[in-house]
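Dear colleague,

I am passing a structure on to you, together with some notes on what I found when going through it. Please have the sequence and the structure open while you read.

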Amino acid sequence: MAKRPVATSSDDELPFETEEPVAADERSFFGGQPQKPTAPNAKAALPASLAAQEHYHGHRERLRDRFREQGDIALADYEILELLLFRLIPRRDTKPIAKALIERFGSLSGVFGAPAALLTEVKGVGEAVALDLKLISTVAHRTLKSEIRSKQVLSSWSSVIQYCHAAMAHETREQFRILFLDKRNVLIADEVQGRGTVDHTPVYPREVVKRALELSATAIILVHNHPSGDPTPSRADIDMTKVIIEAAKALDITVHDHVIIGKDGHVSLKGLKLI
């Protein structure tokens with residue numbers, strides 16, 4: 001067998017240029033071993049690292065094909081998340097990461113609603129991926145908000161609930177939000193008036209009414225979330241709502257409703273005839 005030329009310290013002794021590295025093929029992994037003849041179309045054996053890459057790349061194409069041909073109904077939630085993570089994490093098998101995210105946060109909406117700091121606690125999710133997930137979540141919130149902007153809110157009630165649920169259901173602390181409406185019940189502004197603890201947010205009726213006057217609002221809808229997940233109103237929720245109603249009434253401002261958002265649903269105080 002002819003010996004391969006070996007490079008030495010002298011450039012004159014090199015029989016060919018060596019500045020550009022020669023790409024190794026899979027045969028280099030079997031150097032020095034006799035090769036058995038294979039059939040013309042037989043697939044050469046790959047080392048474990050390359051075989052693993054080939055496996056998840058093939059899985060990605062199959063998943064894309066299913067989505068392309070059948071839409072999202074053909075995919076589980078974790079598979080939808082996988083498709084997204086393909087773009088964010090291009091060189092890893094993202095199936096275990098997607099499953100771990102769903103398991104940790106309970107649902108697809110739970111993943112997008114989770115704080116970035118908690119997302120990074122899942123193995124395989126770094127700060128950049130967490131930020132991208134929050135960006136996608138923000139796009140979804142803005143899309144839902146656009147559905148109620150410049151429309152009569154009371155006639156688009158389901159869109160209002162969807163927006164509030166997306167914005168608040170997975171918050172880890174209580175927040176108190178107000179939707180300010182004009183005389184046609186069209187949304188003027190949507191503002192978070194306060195953030196509190198896991199089970200309480202301080203609300204000041206005077207500040208609520210003052211802000212409504214500043215915006216020339218003639219009606220408002222109160223919204224807050226329960227991080228526990230249970231949207232059942234507390235006695236304090238009911239009493240506070242009645243105080244705001246009385247303060248607003250004196251200035252011809254109508255309180256249409258107080259909605260409490262939980263992870264799995266919502267409660268309307270008006271619907272329960274508590275106000």
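The notes below begin with the chain as a whole and then go through its parts.

This is a predicted model, in which local features need pLDDT of at least 70 and side-chain atom pairs count only at pLDDT 80 or more, while totals for chains, interfaces and linings use all residues. Residues are numbered from 1 along each chain as its sequence is written, and side-chain values use heavy atoms, with hydrogens and water left out.

The overall layout

The protein chain holds nine helices and five strands, where helices (H or I, at least four residues) and strands (E, at least two) are DSSP runs numbered from the N terminus. Along the sequence these elements follow the pattern α-α-α-α-α-α-α-β-β-α-β-α-β-β. Of the 275 residues in the protein chain, 36% count as buried; buried means under 20% relative accessible area, exposed over 50%, and partly exposed in between, with a 1.4 Å probe and protein chains only. Among contacts (heavy atoms within 4.5 Å) between residues at least 6 apart in sequence, 56% join residues at least 24 apart.

In soluble globular proteins, nonpolar side chains tend to be buried together.

Helix H7 (residues 157-168) has 12 residues and spans 16 Å from its first C-alpha to its last, close to the 16 Å expected at 1.5 Å a residue, where the expected span is 1.5 Å times one less than the number of residues. The buried residues of H7 are Ser159, Val160, Ile161, Tyr163, Cys164, Ala167 and Met168, and the buried residues of this helix pack against H6, E1, strand E2 (187-195), E3, E4 and strand E5 (265-268).

Strand E3 (residues 219-225) is largely enclosed by the rest of the structure, because seven of its seven residues are buried. In a regular strand the side chains alternate between the two faces of the sheet. In E3 both faces are covered, with Ala219, Ile221, Val223 and Asn225 buried on one side and Ile220, Leu222 and His224 buried on the other.

Two strands pair if DSSP finds at least two bridges between them. E3 pairs with strand E1 (residues 175-181) in the antiparallel sense over six bridges, and Leu179 stands opposite Ile221 in E3. With strand E4 (residues 254-262), E3 pairs in the parallel sense over seven bridges, and the bridge partner of Asn225 in E4 is Ile261. The chain crosses from E3 through helix H9 (residues 235-249) to E4 in a right-handed β-α-β crossover, a term that applies if, with the strands pointing away from the viewer, the path from the first strand over the helix to the second runs clockwise.

Individual residues

His256 lies in strand E4 and is buried, with a relative accessible area of 15%. The side chain of His256 makes a polar contact with the side chain of Asn185 (2.9 Å); a polar contact is a pair of N or O atoms within 3.5 Å, and within protein one must be able to donate a hydrogen and the other to accept it, while residues adjacent in sequence count only if both atoms are side-chain atoms. Not counting residues up to four places away in sequence, His256 touches Leu154, Leu181, Asn185, Ala219, Ile220, Ile221 and Lys270.

Thr201, in the loop between E2 and H8, is buried, with a relative accessible area of 8%, and its side chain makes a polar contact with the side chain of Glu174 (3.2 Å).

Ser216 has a positive phi of about 60 degrees although it is not a glycine; Ser216 sits in the loop between helix H8 (205-214) and E3 and counts as exposed at 57% relative accessibility.

With kind regards
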